[in-house]
Amino acid sequence: MGASLGRRALAEAVGTAALVAVVVGSGIQATELSRDAGVQLLANSLATVLGLGVLIALLGPVSGAHFNPVVTLAAWFTGRRTDDEGLSGRDVAAYVPAQIAGAIAGAVLADAMFGKPLVRWSTHDRSAGHLLLGETVATTGLVLLVFGLAQTARARFAPVLVASYIGAAYWFTSSTSFANPAVTIGRTFTDTFASIAPGSIAPFTAAQAGGAVLGLALVAAVFGRPAPAGPHTPTVQGESELTTPTLP
């Protein structure tokens with residue numbers, strides 16, 4: 001792996017910031033260009049797919065391009081039994097705050113680019129039960145994909161496949177697939193198309209945590225027990241083509 005922990009954490013912060021800027025910024029742009037909700041969601045999802053794929057390919061070789069505490073914690077969990085593979089507790093302690101800080105910065109940046117108030121708490125409540133079920137399904141699928149690719153030595157396809165999955169999940173889940181606690185937190189700082197109210201953070205992150213557990217259980221059931229996932233393991237909303245642990 002090569003990169004110091006500081007550089008890897010910076011890559012996670014920058015990548016997550018860019019991801020949220022793409023999600024929020026494209027949402028603002030879409031609402032300014034069209035009043036059709038379907039066109040708005042199409043523009044938002046397409047921009048997210050393209051931006052995410054680029055970010056995974058670019059930053060995956062540095063940090064694994066997790067951009068997501070769920071993926072980071074799952075990678076740590078699957079590798080915790082080994083001494084020489086997988087993320088350490090120190091890695092997790094650096095990655096997760098970097099991802100959250102990056103997500104907040106990305107939302108503020110998107111608002112600044114479109115002349116919106118830099119911080120305006122979202123009023124978009126997303127705490128309904130069917131939305132939480134959608135978020136559980138979205139996160140389950142993401143974890144199954146990321147760690148299933150690694151388990152089958154297909155991590156090199158993560159930039160295309162992870163981005164494609166997120167784009168599809170925008171449409172087949174009722175929650176539009178946040179599947180990421182850091183992104184969820186960041187999107188509370190903007191009251192625009194892609195935002196989520198602060199009061200919805202707790203139920204959304206609980207649904208994401210439940211989805212992560214289910215996803216890892218499915219990986220174990222379908223592919224066998226996940227192998228240790230290194231810092232460069234796929235990830236994400238992101239992933240790396242580096243070490244494909246025998247892995248998740």
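**Figure 1. Overall view of the predicted chain.** From the N terminus on, the elements of the chain follow the order α-α-α-α-α-α-α-α, which amounts to eight helices and zero strands, where helices (H or I, at least four residues) and strands (E, at least two) are DSSP runs numbered from the N terminus. This is a predicted model, in which local features need pLDDT of at least 70 and side-chain atom pairs count only at pLDDT 80 or more, while totals for chains, interfaces and linings use all residues. Residues are numbered from 1 along each chain as its sequence is written, and side-chain values use heavy atoms, with hydrogens and water left out. Of the 248 residues in the chain, 56% are buried (buried means under 20% relative accessible area, exposed over 50%, and partly exposed in between, with a 1.4 Å probe and protein chains only). Among contacts (heavy atoms within 4.5 Å) with a separation of 6 or more, 78% join residues 24 or more positions apart. The chain exposes about 9800 Å², of which carbon and sulfur atoms supply 67%, as calculated by the Shrake-Rupley method with a 1.4 Å probe, where for residues only the protein chains shown count as cover.

**Figure 2. Close-up of helix α3 and its surroundings.** Helix α3 spans residues 69-79, and because eight of its eleven residues are buried, this helix is largely enclosed by the rest of the structure. The buried positions are P69, V70, V71, T72, A74, A75, T78 and G79, and they pack against α4 (89-113), α5 (129-151), α7 (181-186) and α8 (201-223).

**Figure 3. Close-up of the packing of α3 on α5.** The axes of these two helices, α3 and α5, come within 11 Å and cross at roughly 50°, where axes are lines fitted to C-alpha atoms, for helices over the stretch in contact, and angles run from 0 to 180 degrees between N-to-C directions. That angle makes α3 oblique to α5, given that angles under 35 degrees count as roughly parallel, over 145 as roughly antiparallel, 65 to 115 as roughly perpendicular and the rest as oblique. The contact is made by V70, V71, A74, A75 and T78 of α3 together with T139, V143, V146 and F147 of α5.

Figure 4. L218 lies in helix α8 and is partly exposed, with a relative accessible area of 37%. Leaving aside residues up to four places away in sequence, L218 touches T140, L144 and F223. The C-alpha atoms of L218 and V143 are separated by 9.0 Å, although these residues are 75 residues apart along the chain.

**Figure 5. Close-up of the pair α2 and α6.** Helix α2 (residues 37-63) packs with helix α6 (residues 158-172) at an angle of about 160°, their axes being 8 Å apart, and the two are therefore roughly antiparallel to each other. Their crossing is right-handed. On the α2 side, the residues that meet α6 include L41, T48, L52 and I56, while those on the α6 side include V162, I166, Y170 and W171.

Definitions and conventions: Left-handed = near helix turned anticlockwise from the far one by under 90°.
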